[in-house]
Amino acid sequence: MAFSSSGILLKVSQVPDWERRAIRLSLGLVFFTTLGLTLWAVPEQYREEWGDEVVQSCNWAGATCAVVAASPLIGKVAQLSYERTLGTLTGGLLGFLVYDYGIMLLPDSLDHVFMVCCAAIVGFVSCWLSNRFKLDASMRLFVITFLIVTFGADRRDSKSAMGVALLRTGGIVCGVLLMMGLTIIVLPKSATIEALREMKNGLKLLTELNVMVWTSKHEAAEQLKQAALKARAEAADAAAAAATAASPA
């Protein structure tokens with residue numbers, strides 16, 4: 001039996017979209033929640049140094065899976081993954097620069113005022129960039145990651161902004177990459193395969209329409225032929241009747 005990859009892909013493409021998203025999201029959440037719970041089992045003396053932050057990063061990775069899994073198409077997931085990764089990295093980098101270097105130029109009494117003003121500016125700029133370059137997903141993650149890194153580092157004096165930035169952005173990026181991999185591996189669906197499937201259905205309907213047209217045409221031709229034969233027979237009968245009536249008795 002000949003192997004047809006296109007036929008298999010067409011059959012896989014018929015799986016409902018909600019089932020694709022459900023399977024991929026379930027696998028992603030199982031991975032990151034299991035990882036987080038495993039880290040909680042690490043001895044406390046080691047967990048105090050890095051465990052809590054990594055567990056929070058696993059939580060952010062799981063939340064990212066839920067956001068990225070919104071589309072079943074490979075191309076759309078790739079686009080969302082790229083936008084979220086871009087927003088996450090830029091937001092984390094800016095948050096690190098603001099906290100680790102920006103506040104060093106100001107007196108301690110103005111640190112919080114400076115951070116609040118930066119947050120407002122970031123919010124305004126993100127809306128402008130979203131409208132200008134059509135990067136809604138990137139700008140949302142840009143603002144969220146900036147706030148997490150900047151105010152997360154401020155809330156934990158023992159953790160540097162660099163550490164918070166790496167762990168938070170790393171968690172989100174890991175969630176994006178995992179969902180991208182699951183989209184490619186688990187019941188993949190692409191716009192190209194969908195187009196082929198719709199084209200196949202269209203050709204099937206066109207063939208049926210062609211058969212109907214030709215059948216109707218032949219039936220109409222047969223009906224016209226029968227009508228013509230009937231008219232000729234009636235004309236012959238009428239001519240014979242007229243000849244009989246005209247002949248002398």
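Is C65 buried or exposed? C65 is buried, with a relative accessible area of 0%. Buried here means under 20% relative accessible area, exposed means over 50%, and partly exposed lies in between (1.4 Å probe, protein chains only). The structure is a predicted model, in which local features need pLDDT of at least 70, side-chain atom pairs count only at pLDDT 80 or more, and totals for chains, interfaces and linings use all residues. Residues are numbered from 1 along each chain as its sequence is written, and side-chain values use heavy atoms, with hydrogens and water left out.

The protein chain contains 8 helices and 0 strands. Along the sequence the pattern reads α-α-α-α-α-α-α-α. Helices (H or I, at least four residues) and strands (E, at least two) are DSSP runs, numbered from the N terminus. The chain has 249 residues, of which 31% count as buried. Its accessible surface is about 15,600 Å², and 69% of that belongs to carbon and sulfur atoms. These areas come from the Shrake-Rupley method with a 1.4 Å probe; for residues, only the protein chains shown count as cover. Among contacts with a separation of 6 or more, 77% join residues 24 or more positions apart. Contact means heavy atoms within 4.5 Å.

Helix α4 (residues 74-102) packs with helix α7 (residues 161-185). The angle is about 175°, and the axes lie 9 Å apart. Axes are lines fitted to C-alpha atoms, for helices over the stretch in contact, and angles run from 0 to 180 degrees between N-to-C directions. The two helices α4 and α7 are therefore roughly antiparallel. That term applies to angles over 145 degrees; under 35 is roughly parallel, 65 to 115 roughly perpendicular, and the rest oblique. The contact residues divide into 15 nonpolar, 6 polar and 2 charged. Ala, Val, Leu, Ile, Met, Phe, Trp, Tyr, Cys and Pro count as nonpolar, Asp, Glu, Lys and Arg as charged, and the others, Gly among them, as polar.

The structure holds 0 disulfides. A disulfide is a pair of cysteine sulfur atoms within 2.5 Å. For C65, the nearest cysteine sulfur is that of C174, 9.7 Å away. The sulfur of C118 is 7.1 Å from the closest cysteine sulfur, in C117, too far for a bond. C118 is buried, with a relative accessible area of 12%.

I144 is found in helix α6 (residues 136-155). At 35% relative accessibility, I144 counts as partly exposed. I144 and G91 are 53 residues apart in sequence. Their C-alpha atoms are 7.4 Å apart in space.
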